[in-house]
Amino acid sequence: MFPLNNGNLKIAVQKKGRLTEKSIELLNLCGLGIDNYTDRLYISATSFPADILFLRDDDIPEYVQDGVADLGIVGENVITEKPVTIDLKEKLGFGKCRIMIAYPDSVQIDDVSGLAGKKIATTYPSILGKFLSKNDIEARIIEISGSVEIAPALGIADVICDIVSTGNTLKLNKLKRGFTVFESEAALIASPALRDNPVKEQLVSDLLKRIKSVITARKSKYLMMNVPKASLQEVIGMIPASKSPTILPLFDESTVAVHAVVPSGYIWEVLDPLKNAGATGILVLPIENMIP
Ligand code: PRT
Ligand code: ZN
């Protein structure tokens, strides 16, 4: 039986799908301790007063709205398509995708106005409907529940409006990308009922701090390298100004070690200039947590 009244924070996570692994990975980086969760309906974290509930992603917003779960991790596309009363706490930086208009080669659409009068198949009628009315376009929305990509080939629709991430599914179905209707990523949502529960609110605030530190850390890398003293100023000039680097003496007195937290991706922009300035032993390490 599910221990509903144990006071633990209830966190709803997708049971089996694109968001499952990354959601659990994030919660574990926050130190929750969630092991052997496959095929479980719920599991208690070992190192935080939380129970993880595994649900279909479409059901998560309502469970959170109704307070069955205190928190949930779900795509923004799901929350927006079927409006619910929840608090959006944090965008989580994974599960990124776009809801896009796509169409066969035989169709030519140069801009949004080209959608006028078209039949558009989608599983996101509400998001698409708002997009069309915002752009003052009249088109026919054909709501279907899956395999949207096949709709033009079946003659059900001229155009589709569906989630795209790599674009491989579009290619397989001989469709090309049009324009973006909605951008989405996984988000942490919270139940409005939490506002009346200060004990759980405190747990949420603690967890949120941890989540923010993990997300910030993911955007940064720890750079270490050895730099000849003669080119130290030149090298420091290449490091983003907001991050003051650490300079450490080495046994070889003509060289120092430089350590700095830099934005992910930064290193590829400055690798050659760093080497030209004499930097050696360049190491770029991931950062697990960054506490402000
Ligand atoms: O069973 P359950 O209802 O829980 O899962 P689901 O099948 O409804 O969802 P799932 O696991 O497919 O996706 C969960 C969430 O991941 C979505 O709500 C989005 O927020 C996000 N996401 C990110 C995606 C994609 N990327 C994605 N590519 N959701 C779906 N897709 C589909 C897309 O529709 C396309 O048909 O994957 C297909 C492949 O995409 P390409 O462009 O990479 O080929
Ligand atoms: Zn779903």
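**Aromatic pairs.** I count rings of Phe, Tyr and Trp (its six-membered ring) as a pair if their centres lie within 6.5 Å; planes under 30 degrees apart are stacked, over 60 edge-to-face, and the rest tilted. My model here is predicted, so local features need pLDDT of at least 70 and side-chain atom pairs pLDDT 80 or more, while totals for chains, interfaces and linings use all residues. Residues are numbered from 1 along each chain as its sequence is written, ligands are numbered from 1 in the order in which they are written, and side-chain values use heavy atoms, without hydrogens and water.

How many aromatic pairs did I find by this rule? The count came to two. Tyr37 and Phe54 are stacked, at 5.8 Å centre to centre with 15 degrees between the planes. I found both Tyr37 and Phe54 buried (under 20% relative accessible area; over 50% is exposed, in between is partly exposed; 1.4 Å probe, protein chains only). Next I looked up Phe131 and Phe179, which are also stacked: 6.3 Å centre to centre, 25 degrees between the planes. Phe131 and Phe179 are both buried.

**Cysteines.** I searched the whole structure for disulfides (cysteine sulfur atoms within 2.5 Å) and found zero. Cys161 has its nearest cysteine sulfur, that of Cys97, 12 Å away. Cys161 is buried, at 0% relative accessibility.

**Zinc.** I saw that Asp57 (OD) and Asp58 (OD) coordinate the zinc ion (ligand 2) at 2.1 Å. Donors here are N, O and S atoms within 2.8 Å of the metal (3.2 Å for Na, K and Ca); water is not among the atoms, so sites may look incomplete. Is Asp57 buried or exposed? Asp57 is buried at 18%, and Asp58 is partly exposed at 38%.
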